Amino acid sequence: MKNNKKSTISKVLKLTHRLQPGHITLIVISTIISATWKFVPVVFGSIILDQLVQHQPFEAILINALRMLALQAACSLSHWGLEHIIKVNGAVISEKIDQMICEKSFMIDYDILEKRETLDIVKKAEDGMNARGDFSSFCSQLSGFIEHALSIIYSIALLIPLFISRASVPAGFLPEFLNKWYSFIILAFMLILSVTVSSFTKRKEGKMQADLFQRNIRVNREYGYFYSLVFDYATGKYVRLYKMQSLVEAKMKKILDFLESGITNLVKKVNKMQIPFFIINCIMQMTSYLYVGLKAIFGLISIGSALKYIKAYSNLVDSVSSIFYAYIEISIRSEYLSFFYDFMEIKNKQYEGTIPTEKRDDNEFEIEFRDVSFRYANTDKYVIKHLNQKIRIGTKTAVVGPNGAGKTTFIKLLCRLYEPTEGEILLNGVDIRYYDYKDYASLFSVVFQDFNLFSFSIAENVASGTSYDEVKVLDCIERAGFGDRLSKMEKGIHTNIYQQEDEGVEISGGEAQKLAIARALYKDSPLVILDEPTSALDPVSEYEIYRHFDEMVQNKTSIYISHRMSSCRFCDNILVFDEGQIVQSGNHDELVKQEGLYKELWNAQAQYYA
Ligand code: ADP
């Protein structure tokens with residue numbers, strides 16, 4: 001799965017081009033302009049200085065000064081305009097990348113998404129982009145590389161005349177040596193030395209940063225969790241009541257100490273490593289001034305040229321070390337960006353079906369679990385064992401049993417959030433894996449125990465979308481028993497819930513559960529599945545829900561998990577789960593007469609109502 005540097009660079013370029021065609025071309029043009037612009041004052045400055053030394057006419061000097069200014073202005077204006085477009089394009093690319101990440105998250109198999117390794121990959125992709133820039137800053141880095149390359153070419157072109165011998169040379173070893181072309185070895189040697197030391201330093205620093213990044217992935221994720229606790233008002237009550245501040249603080253401090261010691265160590269080491277580079281850089285600067293200065297003193301070059309060569313040499317040094325820096329930085333960044341591709345290339349394992357589910361007006365669907373066994377990926381223990389069961393159409397099925405018996409897992413398997421480890425689940429005789437997933441999912445209206453409502457308007461929550469049928473929304477809200485509460489809301493179904501939204505209203509757990517039921521009803525699917533649908537409701541609301549249950553689910557097939565045994569009485573069939581198996585099934589009257597788990601559970605609750 002790991003992406004390497006080269007493949008990442010070409011993928012980044014291709015993707016950038018796909019997301020914003022022309023962006024890379026603009027970057028290249030802007031880079032060429034920027035590199036050229038830097039050399040305009042160097043070339044013209046040297047010409048003007050020589051003209052001044054030679055007392056040339058004022059008009060000739062003025063013409064060169066104006067040429068320089070005009071070129072500078074043209075470069076600066078076009079560069080400014082291009083950079084503006086590049087910035088806007090960069091922002092568009094970032095948004096599109098965020099969108100791709102969201103879409104990918106929704107497409108990943110549910111069981112892969114909940115794995116810790118996946119969470120780490122997601123965190124790596126996110127942190128990688130934050131730590132070392134995103135796509136557009138990666139492109140800027142590439143443009144920096146091109147700019148330094150051009151700057152090297154320009155500098156060398158300007159420096160060549162420095163090493164061309166002159167006919168008349170003052171007598172003496174030094175002027176004669178300086179007049180020879182091979183005297184450039186002095187400058188070349190200093191250049192190579194400086195670049196070698198600086199690139200070694202940078203490479204080591206990059207490696208140390210990457211190691212630190214890898215080491216911090218998990219602790220950063222943990223820290224993110226603890227930090228979110230601090231601002232989550234829903235958990236705030238537990239933190240206060242159970243005096244958990246010191247526990248949370250201690251855990252955060254431990255992580256902060258760990259992170260801080262890593263960074264302090266890194267900074268210390270990097271500072272130490274940079275000392276030789278600074279010393280060599282100073283020596284190199286002095287040598288170049290001495291070399292060019294002596295040539296000017298011996299009359300081998302003009303004063304204006306001396307200025308040009310000094311500038312060209314220092315540009316060359318800067319550009320050569322910068323190009324190494326840029327190369328190393330691109331390598332480091334491409335490694336960080338490869339985490340994004342690791343995430344984007346996560347492969348789903350579940351079978352991707354293609355068959356459309358039959359759209360039947362008669363809602364004639366038959367479901368069969370055929371010798372189904374299941375264990376979660378991270379455990380060896382089977383939580384569903386050799387389960388065989390048919391769900392009859394148009395019936396109401398209740399699922400009961402102790403905690404951990406496998407009831408919710410049974411529902412999750414039916415909804416295809418997980419695939420059976422062994423056996424198969426059939427819909428109208430066909431393995432459910434062969435159906436197109438979206439099509440299949442549309443058959444179910446599910447309310448899980450951990451139903452999540454979103455901080456949107458009530459109507460958007462119920463309809464799960466921005467466009468909705470208001471009459472249908474109101475009808476479902478009424479059927480789910482939320483009508484009274486809604487009538488007290490000034491903005492009705494347009495009221496926002498929870499405080500993330502403007503004027504968001506807080507609702508109780510029971511009220512939220514009613515809205516979750518309304519959402520399931522709005523979906524109007526042929527199968528209604530409710531996992532403990534009334535756990536947060538008061539007894540009156542609960543009674544109302546069951547009294548109107550027939551009306552609520554109408555003629556649909558319904559399956560619901562309940563701890564309230566009395567609510568099972570009106571069901572056609574009751575499945576009693578224990579340790580991943582169905583140990584009893586039948587209707588209430590049959591089961592209550594049999595010795596077994598159902599009777600035990602029934603009697604245990606009945607005594608409270610006696
Ligand atoms: P029930 O709904 O009957 O209370 P569940 O189906 O939720 O039971 O859980 C059955 C067993 O599977 C439990 O032992 C539970 O701890 C385990 N389990 C549930 N979800 C997961 C998961 N995502 N990963 C690993 N084990 C799980």
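**Ligand contacts, surface patch and salt bridges**

An oxygen atom of the ligand is 2.8 Å from a polar backbone atom of Gly404. This is a polar contact (a pair of N or O atoms within 3.5 Å; within protein, one must be able to donate a hydrogen and the other to accept it, and residues adjacent in sequence count only if both atoms are side-chain atoms). The model is predicted: local features need pLDDT of at least 70, side-chain atom pairs count only at pLDDT 80 or more, and totals for chains, interfaces and linings use all residues. Residues are numbered from 1 along each chain as its sequence is written, and side-chain values use heavy atoms, with hydrogens and water left out.

A backbone N or O atom of Gly406 lies 3.0 Å from a ligand oxygen. For Thr408, a polar side-chain atom lies 2.7 Å from an oxygen atom of the ligand. Taken alone, the ligand exposes 560 Å², and the protein buries 68% of that. Accessible areas come from the Shrake-Rupley method with a 1.4 Å probe; for residues, only the protein chains shown count as cover. In total, 13 residues surround the ligand, each with a heavy atom within 4 Å of it. The closest are Gly404, Gly406, Lys407, Thr408 and Thr409.

Phi of Asp371 is positive, near 50°. Asp371 is found in strand S1 (residues 367-374); strands are DSSP runs (E) of at least two residues, helices (H or I) of at least four, numbered from the N terminus. Arg416 has a positive phi of about 70°. Arg416 sits in the loop between helix H12 (407-414) and strand S4 (422-427). At 5% relative accessibility, Arg416 is buried, whereas Asp371, at 36%, is partly exposed. Buried means under 20% relative accessible area, exposed over 50%, and partly exposed in between (1.4 Å probe, protein chains only).

The whole structure holds nine salt bridges. A salt bridge is a side-chain nitrogen of Lys or Arg within 4 Å of a carboxyl oxygen of Asp or Glu. One joins Asp475 and Arg479 at 3.1 Å, N to O. Both lie in helix H15 (residues 470-479), four residues apart, about one turn of the helix. Asp475 is partly exposed at 36%, but Arg479 is buried at 19%. Another joins Lys599 and Glu595, with the closest N and O atoms 2.8 Å apart. Lys599 is partly exposed at 22%; Glu595 is exposed at 66%. Salt bridges with shared partners also join Glu368, Arg370 and Glu424 into one network.
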